[in-house]
Amino acid sequence: MQFRRGLPEWSALFFLISVWGSSFALTKITVETIPPIWVPAIRLSLAAILLTAVMAANRASWPRGVKNWLWLTWFAIIGNIMPFFMISWATQHVPSSLAGILMAVNPLLVLVLARILLPDEPIRLNNVLGFIIGFAGVVTLIGPAFLLNIGGAGIELAAQFALILAALGYASMNVSARLAPKMGLSTISAGTMAVAAIIALAAAVIYDPGGLANASTESIFAVMLLGLFPTALATLAIYWLVGRAGSRFLATSNYAVPAFAILVGWIFLHETLEFGDLAGFALILLGILISESRLLSLLVRPPSAGRR
């Protein structure tokens, strides 16, 4: 399959980077007064309503057949319910910057899963080198001294494992999107969100029926933004982008997400932007460009080699 990497694909990637880069701060605000189990329930319910409206506007129909609904259930659990809950719970116990760096293992996980499950997305030298440089950029961005604490103890260690599990869920979602039966963009998006919302709402009502009693206006507004941008609109962008540009192209967004979060804090919250932040951001961008370039592959195997 020939993937496209033009302006529309890069624009979609930047949109995902911006909404995901903002989601950690929004989640931090949300869990101040809303229990973590209710965060995915609200996010997914809002997204399900919006995406169902999009499906109706496109005059699409719900999927048919057990096989399609099983795939949608898999997407709902592995790519929405599980990671949303894990991130919401973990951000109560670790800094959002640490959450960002642990999400950056996503491309490495996608690299392995794609190699196993997607033969048309082979691993190339530029992919590996780009991932290494990008991850080095994330380490520089957060700070090596801070990373020495990554293996803390107790609840912090559990939160770190929860974030890695969330990254694995996203990676599995990215690769699975290429393997699923063909369904329309609005159909698969609305179907996934509908299944996810039903499961998440049921779990929240059963385990914490009074969880929203003390929710503040700020938390409610934050979770509504989470439902609209990083969930509903991002879901449409994910399926569209994976189909056109491949799962590893989507996965590179995880390198830029921490950098975007730093820039948002600097611009809107007047946080300090130091030299290490700029250096890390530059390495992240370099890693993305290298991983999406065929220059190194051409250096290893000249174009004429394949024409004999």
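Predicted model: local features only at pLDDT ≥ 70, side-chain atom pairs only at ≥ 80, totals over all residues.
Colleague: What describes two packed helices?

Modeller: Two values are used: the angle between the axes of the helices and the distance between those axes.

Colleague: At what angle do helix α2 and α3 pack?

Modeller: Helix α2 covers residues 38–57, and its axis lies 8 Å from that of α3, at an angle of about 135 degrees. The two helices α2 and α3 are therefore oblique to each other. Their crossing is right-handed. On the α2 side the contact uses Val39, Pro40, Arg43 and Leu44, and on the α3 side Asn80, Ile81, Phe84, Phe85 and Ser88. Sorted by class, that contact of α2 with α3 holds 6 nonpolar, 2 polar and 1 charged residues.

Colleague: Now α3 and helix α9. At roughly how many degrees do their axes cross?

Modeller: Helix α9 spans residues 185–207; its axis and that of α3 come within 8 Å and cross at roughly 65 degrees. Because of that angle, α3 is roughly perpendicular to α9. The crossing of α3 and α9 is right-handed. From α3, the contact takes in Trp69, Leu72, Thr73, Phe75, Ala76, Ile77, Asn80 and Ile81; from α9, Ile188, Gly191, Thr192, Met193, Val195, Ala196, Ile199 and Ala200.

Colleague: How many nonpolar, polar and charged residues are in the contact of α3 with α9?

Modeller: The contact of α3 with α9 has 12 nonpolar and 4 polar residues, and no charged ones.

Colleague: How far apart are the axes of α9 and α10?

Modeller: They are 10 Å apart, and α9 and α10 pack at about 135 degrees. That angle is why α9 counts as oblique to α10. The crossing is right-handed for α9 and α10. Leu185, Ser186, Ile188, Ser189, Thr192 and Met193 of α9 meet Thr231, Thr235, Leu236, Tyr239 and Trp240 of α10. By class, this contact of α9 with α10 has 6 nonpolar residues, 5 polar and no charged.

Colleague: How does the lining of the largest cavity divide into nonpolar, polar and charged residues?

Modeller: It has 14 nonpolar, 12 polar and 1 charged. One residue links the two topics: Phe84 of α3 is part of the contact with α2, and Phe84 is also among the residues closest to the centre of the largest cavity.

Methods: Residues numbered from 1 in each chain as written. Heavy atoms only, no water. 1 Å grid on protein atoms, 1.4 Å probe; cavity = no way out; pocket = protein on both sides within 12 Å on 5 of 7 lines; lining within 4 Å. Nonpolar A, V, L, I, M, F, W, Y, C, P; charged D, E, K, R; others polar. Axes fitted to C-alpha atoms, helices over the stretch in contact; angles between N-to-C directions. Helix = DSSP H or I, 4+ residues; strand = E, 2+ residues; numbered from the N terminus. Parallel < 35°, antiparallel > 145°, perpendicular 65-115°, else oblique. Left-handed = near helix turned anticlockwise from the far one by under 90°. Contact = heavy atoms within 4.5 Å.
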